[in-house]
Each structure stands twice: as structure tokens, then as C-alpha cells.
Amino acid sequence: MKIKVAAALLCGAVCSSAFSAESESVNKNEDHNSPEMLTPVPIGNAALPAEPWQVQIGAMQETENTEGQGDKDGAYEPTVFVNFSKGKWNLYGAFYQEDHNVDYSQNTRSDWFNQVEFDAHYQFADNADYALGLMLGFRNYQWQYNEDKKKEGSSYNTQRYTIQPDWSVSLSPTLKYNGWMALYNYYNSMDDNGYLNKELEGETGLKYSFTDDIAMQVSYYLDRGWNTGDSQRGEFAKQEARIYLPVSVDLFSGGKTVLTPYVRRTLDTYYYNDERAEREGETDTRFGLLINQPLPNGFAISLEYAYELQLHDNTDASANAKTKFHYTGVGITYSF
């Protein structure tokens, strides 16, 4: 089972609060402290004008492929979303689709699912010393099976409920400890759709700012899925070391371009193989680059590419022990 976490183009607006369908954004839970704003002082009994809601709408297209794009082992993943923010609140909604076993040369697919998501994030504190927030979320996965002979023509719905705190602590003017941790609970048709009962996912680490435009984040990432009871079906665990190097440069008049090269390396990963009744290990090394660019009139774009080498342990003799994985993401947002 693969559960993806927040689209890259959401960063800067809701990266600490929203999980987008399944893009593994390198900036998820990036520092969300906003510059201090001067607050006008009311004269007499005159009330300050009510703070308006800020709205961001966007779309993103992602692809995932192993060994090229014409061998029917890719995934095609469009997302549309809207985010409302006001004061300490962020409200997020999205529709996401994931098509499996896509043959891009033939425009065919096998199984797919539609995902609807709603999240609400509240920022309890956000100042120069620390920040603390909490997100509650809901997802519905609607799977459609076309090629699985046991499920052909069937559709099943699974719901996921999320509780996710996020935090940031300033250890010095240039060093911050930040992170997020999410607990997911799944209900209905888990066996049919291949989901577990529970999942714990999070990332935490240190961010050092060399200058206002150059920083480094070193993080530990954990994703652990399990079933309540004795069943090990679909159980998995993934631990990674992650390094990000965000750099802001002035390339265009619309605003600073943020270039974020990153590296991920598996510390310990395994998946439970039901047919062989044993755990199978995997070692992944990923190199990627995320580009975020603001544009005039409230628009912004994001571009991301990643290459990952996957080494599989304990595979069947006929299986490929080495997989080359490619990820691409292109997004656009409009804020008003």
C-alpha cells in the first residue's frame, strides 16, 4: 500500500496543515511563520475591519513511472484543490485521482481510485520562539477494479480519519527544530482495497539558516502501517534520512524563485508479502529538485522531478531486484 502525503504546490500556504493526495512534497511542514504585520490602532471606539478570508485554488499533475513510460507500470495522478485561510484557521478540500498500471503510449489503465479530502488546521501558537498547530482530516478512497479477476467491475469505499500536530521551536536565531506527526485510522473495505487499520507517519528534524536565502533541513522520516489484531496483511515500515537545501534566488520580477534540491536514503524499510508470508526489505535512494515560482497577479507554479533507485531484498528469483523510479509534478495556484 502506498499513501502519499501533500502536493508540492501547496507549500507556502498550507504546507503545515494539509495532506494533498499523495504527492510526497519535499516542503511538507516547511516553516510557516509569517512576517509580523503592523496592526493599526483603532481610534476611539472604532472597530477594526474584519479580516477577510484568503482563498487559494490550484491544480496539480503528477506521474510515477518505473523503467520508462511505455511499459504499463506507471501511475497518473491529477489533483484539484481549494484552501481557505483566515487568522489561525486553514480549511482545505481536494479531489485527487490515481490511475494504476498506466500505459502512456496507449492511454490505458487498469485499476484506479478517486479520493475526496477535507482538512481543518488550527494554529494555536506562532511566534518567534515556537509554533504549534493541529490538523484534523477526512479522506474517502473509492476504488474501481477492472483487471483484478476476483474484483473485476467492483468498487469499494474506504474512509481515513487523521489527527496531525505540527510544531517548530527556535533553538537559536538560525537553528529550528520542526516536524509533524500524523495518526491515520481506516474504516470499511480494508481487505478489498488493501489498506491497514492504522498508520503512523511523520517527519522531524533541524533546519539551519545560513542566510535569509539559503538553508539546510536534515530530517528523520517514519511511515508505519499495521493491523489491529493478529493479521500482518499489508503491514509495512519505512524509515528514511532526508536532506533538503532550499535556496531563494531572484530570477524573475514576479518574486523569488525557491530551488530545493533534496536527497532521501532508506534507513530501514520492509513490506509484508502475504503470498510468501514473510517480510521483504527495500533500500531506496532518491535525488530530487523542487522549484516554486510566484507569478504576477496572484499566480504561482511548481515543478518537481525525482529519480529513485530501489533495491529489493528477499525477492523471488524471477523478480527484478533493482527498480529505477521516476516522479514528476507540475502545479499551478491562484490566490485571491
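1. The model is predicted: local features need pLDDT of at least 70, side-chain atom pairs count only at pLDDT 80 or more, and totals for chains, interfaces and linings use all residues. Residues are numbered from 1 along each chain as its sequence is written, and side-chain values use heavy atoms, with hydrogens and water left out.

2. The whole structure holds 18 aromatic pairs (Phe, Tyr or six-membered Trp rings with centres within 6.5 Å; planes under 30 degrees apart are stacked, over 60 edge-to-face, the rest tilted). Phe-81 and Tyr-92 have ring centres 5.9 Å apart and planes at 35°, so this pair is tilted. It links distant parts of the chain, 11 residues apart: Phe-81 is in strand S2 (residues 74–86) and Tyr-92 in strand S3 (residues 89–102) (strands are DSSP runs of E, at least two residues, numbered from the N terminus).

3. Phe-81 is buried at 6% relative accessibility, and Tyr-92 is buried at 4% (buried is under 20% relative accessible area, exposed over 50%, partly exposed in between; 1.4 Å probe, protein chains only).

4. Tyr-208 and Phe-210 pair edge-to-face, 5.0 Å centre to centre with 75° between the planes. Tyr-208 is partly exposed at 36%, as is Phe-210 at 48%.

5. Ring pairs also join a cluster that includes Tyr-96, Phe-113, Tyr-141 and Trp-143.

6. Arg-160 lies over the face of Tyr-184, 3.8 Å from the ring centre; Arg-279 lies over that of Tyr-270, at 4.0 Å (CZ of Arg or NZ of Lys within 6 Å of the ring centre and within 35 degrees of the ring normal).

How values were computed. Helix = DSSP H or I, 4+ residues; strand = E, 2+ residues; numbered from the N terminus.
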